[in-house]
Amino acid sequence: MPTKPTSAITALEEAHKIAFAPFVFQATVSLKKLGVLTCIFEHRRKGGLTIEELSELLSVSTYGLGVLLEIAESAQIVSKPKDKYSLTKTGYFLNFDETVNVNLNFTNDVCYEGLYHLNDAIKNGKPEGLQVFGDWDTIYEGLSQLKPETQKSWFEFDHHYSDGIFKEALDYVFRNNPKSIFDVGCNTGKFTLHCLHKNPEVTLTLFDLPGQLNKALQAVEAAGFKNRVSGQPINWLKPNPKMQGAPDSIWMSQFLDCFSESEIVTILSTCVKVMSSDTELIIVETFTDRQKFEKAKFALEATSLYFTAMANGTSKMYPAKVLKKLIESAGLMVSEDHPLGDYHTLLVCKKRE
């Protein structure tokens with residue numbers, strides 16, 4: 001469907017919005033932290049609040065509130081009929097929608113400062129923004145050492161886009177009754193715990209960097225499943241990574257997008273070496289070319305910039321057509337392709353004979 005041409009004045013307005021977007025973003029963060037948006041919402045039945053009333057309720061100066069609310073009104077986050085501030089629908093979602101808040105906190109706490117170095121990351125092929133947190137080659141090496149607030153926002157972002165599909169995914173994982181599963185990129189061990197609760201006989205082997213692996217194993221032990229789980233520390237960026245064992249199924253969820261195309265082929269090729277003709281390799285990803293909503297595609301493309309500036313400097317959120325080519329290059333074939341939830345795709349891969 002042809003796109004209607006944008007008028008010059010509208011295009012100029014959009015350009016100005018982009019130029020000042022960081023100001024609107026940080027004003028929104030401040031309004032949320034100060035409790036302004038919540039306070040306005042709580043007094044909606046009385047027609048909103050004046051700036052003086054807000055100042056008294058929140059113990060914030062009218063000057064400070066004024067500069068925040070003025071730009072918030074221009075950005076259509078609040079409205080001010082009859083000198084009383086009310087939330088717009090946009091303001092409501094910014095303050096109360098779970099997905100929006102996960103994205104906003106991730107942007108502010110994990111990405112914002114480091115994104116200043118995006119241009120250097122593009123030129124050098126390294127996550128140059130990571131220097132704001134520490135001296136690591138990738139964010140994953142330092143994840144267990146980040147400040148608690150930063151860790152919290154990172155894990156909430158990661159889990160928000162994975163936890164909701166676990167239940168549906170488990171039906172695919174266990175339909176052939178696997179006895180042993182490799183959880184590759186186990187993170188905090190959440191999916192492993194789902195598997196252990198679902199099937200009392202299955203055993204799992206966890207693969208991740210030492211810091212992440214130890215956290216996952218601790219969670220498993222705390223849940224009483226220590227005897228059914230083992231771990232193998234692995235760094236996929238080192239030469240010739242190796243896996244030990246013979247799994248019935250290999251699981252990797254939102255894992256391959258953390259690597260470059262050549263690294264993905266190395267990871268999948270390593271998996272092929274421990275697979276039999278019956279082994280299923282199950283990949284779950286959010287593909288940029290499979291989103292029903294334009295804003296979901298936009299969010300994934302923004303996440304790619306996080307990978308560039310902060311995570312590793314070489315990976316991104318991939319289209320399905322790209323990942324499928326990499327799967328074939330590694331000696332695998334996609335035997336099944338299923339939509340999962342609102343954003344995800346589940347691919348079942350088999351070893352190509």
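In which sense do β8 and strand β9 pair, and over how many bridges? Select residues 344–351, which form β9, together with β8 at 332–340. In this predicted model, the two strands are antiparallel and are joined over 8 bridges. To check one of the bridges, pick Asp337: its partner in β9 is Leu347.

Now show the whole sheet. This open sheet has 7 strands in the order β5-β4-β3-β6-β7-β9-β8, and the pairing is mixed. At the edges are β5 (229–233) and β8, each of which pairs on one side only. On average, neighbouring strands are turned by 20° against each other, direction ignored.

Helix α12 (residues 190–198) touches β3, β4, β5 and β6, and its direction makes about 175° with that of β4. Helix α14 (residues 261–272) touches β6, β7, β8 and β9; the angle between its direction and that of β6 is about 160°.

Turn to Ile283. Its contacts beyond four places in sequence include Met252, Leu268, Leu323 and Leu347. Ile283 belongs to the largest nonpolar core, which has 53 residues; Met252, Leu268, Leu281, Ile283 and Tyr306 touch the most other members. Helix α15 (residues 294–311) gives the most to this core, with 6 residues. A second, separate core has 27 residues, among them Cys195, Leu206, Val229 and Trp251.

Finally, select α6 (residues 89–96) and α7 (residues 98–111). Their axes come within 6 Å and cross at roughly 70°, so the two helices are roughly perpendicular to each other. Phe93, Leu94, Asn95 and Phe96 of α6 meet Glu98, Val100, Asn101 and Leu104 of α7. By class, this contact has 5 nonpolar, 2 polar and 1 charged residues.

Key:
Residues are numbered from 1 along each chain as its sequence is written. This is a predicted model: local features need pLDDT of at least 70, side-chain atom pairs count only at pLDDT 80 or more; totals for chains, interfaces and linings use all residues. Side-chain values use heavy atoms; hydrogens and water are left out. A nonpolar core is a set of buried Ala, Val, Leu, Ile, Met, Phe, Trp, Tyr and Cys residues joined through side-chain atoms within 4.5 Å. Buried means under 20% relative accessible area, exposed over 50%, partly exposed in between (1.4 Å probe, protein chains only). Helices (H or I, at least four residues) and strands (E, at least two) are DSSP runs, numbered from the N terminus. Contact means heavy atoms within 4.5 Å. Axes are lines fitted to C-alpha atoms, for helices over the stretch in contact, and angles run from 0 to 180 degrees between N-to-C directions. Angles under 35 degrees count as roughly parallel, over 145 as roughly antiparallel, 65 to 115 as roughly perpendicular and the rest as oblique. Ala, Val, Leu, Ile, Met, Phe, Trp, Tyr, Cys and Pro count as nonpolar, Asp, Glu, Lys and Arg as charged, and the others, Gly among them, as polar. Two strands pair if DSSP finds at least two bridges between them.
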